[in-house]
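Reader: I would like a close look at a single part of this model. Please keep it brisk.

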Amino acid sequence: KCLLCNRTEDTEHLLFLCPEYSAQIWEAINDAQKDVMIKLNLPSENLHMYNIMYSKSTKNFAKQYSITLDFLIAEIRRMIIRKRAQWLTKGKININFTRICQHIFIVSNSLLHYLQYLGKDTTFIKEFNASISARFMT
């Protein structure tokens, strides 16, 4: 059973469908990436379960930022699994949308620093961080 919503837990539920955690994460990420693409005047598309679960790249997403989005998705998946392991050892915590956005921001900010270290374009991830932080600062 899922520790957060008490539903049957499998990989799909853990990474994508849990209404108390993962579903809210992907909704916030999807909204933030669409905000960024609109701001940059570039094509965007909704994230789909295949993008998240199976690392399938987005088809119509701006090519120059698709690798950054793919890395972000992979790191968010790892964070979800890591948080789940923490809950097993430390017990369930209270989750709210602010905390979810903070979890996303921690991961995306780490990715920002990594891209800066590599000397890569950070335009997308900087704008993404601004969009996510605006969600938990209000």
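Is Tyr-65 buried or exposed, and what is its relative accessible area?

Author: Tyr-65 is buried, because its relative accessible area is 8%. Bear in mind that this is a predicted model. The mean pLDDT of the chain is 88, and 96% of its residues reach 70 or more.

Now the ring partners. The structure holds four aromatic pairs. One of them joins Tyr-65 to Phe-124. Their ring centres lie 5.9 Å apart, with 25° between the planes. That angle makes the pair stacked, because the cut-off for stacking is under 30 degrees. Tyr-65 sits in helix 4, and Phe-124 in helix 6 (residues 123-137). The pair thus links distant parts of the chain, 59 residues apart. Phe-124 is buried too, with a relative accessible area of 1%. Tyr-65, Phe-124 and Phe-128 form one aromatic cluster.

Helix 4 (63-90) and helix 5 each supply at least two residues of the lining. The largest share, six residues, comes from helix 4. By type, the lining divides into six nonpolar, two polar and three charged residues.

Helix 5 (residues 97-118) has the highest mean pLDDT among the elements, 94. Helix 3 (residues 49-53) has the lowest, 76.

Terms used
Residues numbered from 1 in each chain as written. Predicted model: local features only at pLDDT ≥ 70, side-chain atom pairs only at ≥ 80, totals over all residues. Heavy atoms only, no water. pLDDT = per-residue confidence, 0-100. Helix = DSSP H or I, 4+ residues; strand = E, 2+ residues; numbered from the N terminus. Nonpolar A, V, L, I, M, F, W, Y, C, P; charged D, E, K, R; others polar. Phe/Tyr/Trp six-rings, centres within 6.5 Å; stacked < 30°, edge-to-face > 60°. Buried < 20%, exposed > 50% of the residue type's maximum accessible area, 1.4 Å probe, protein only.
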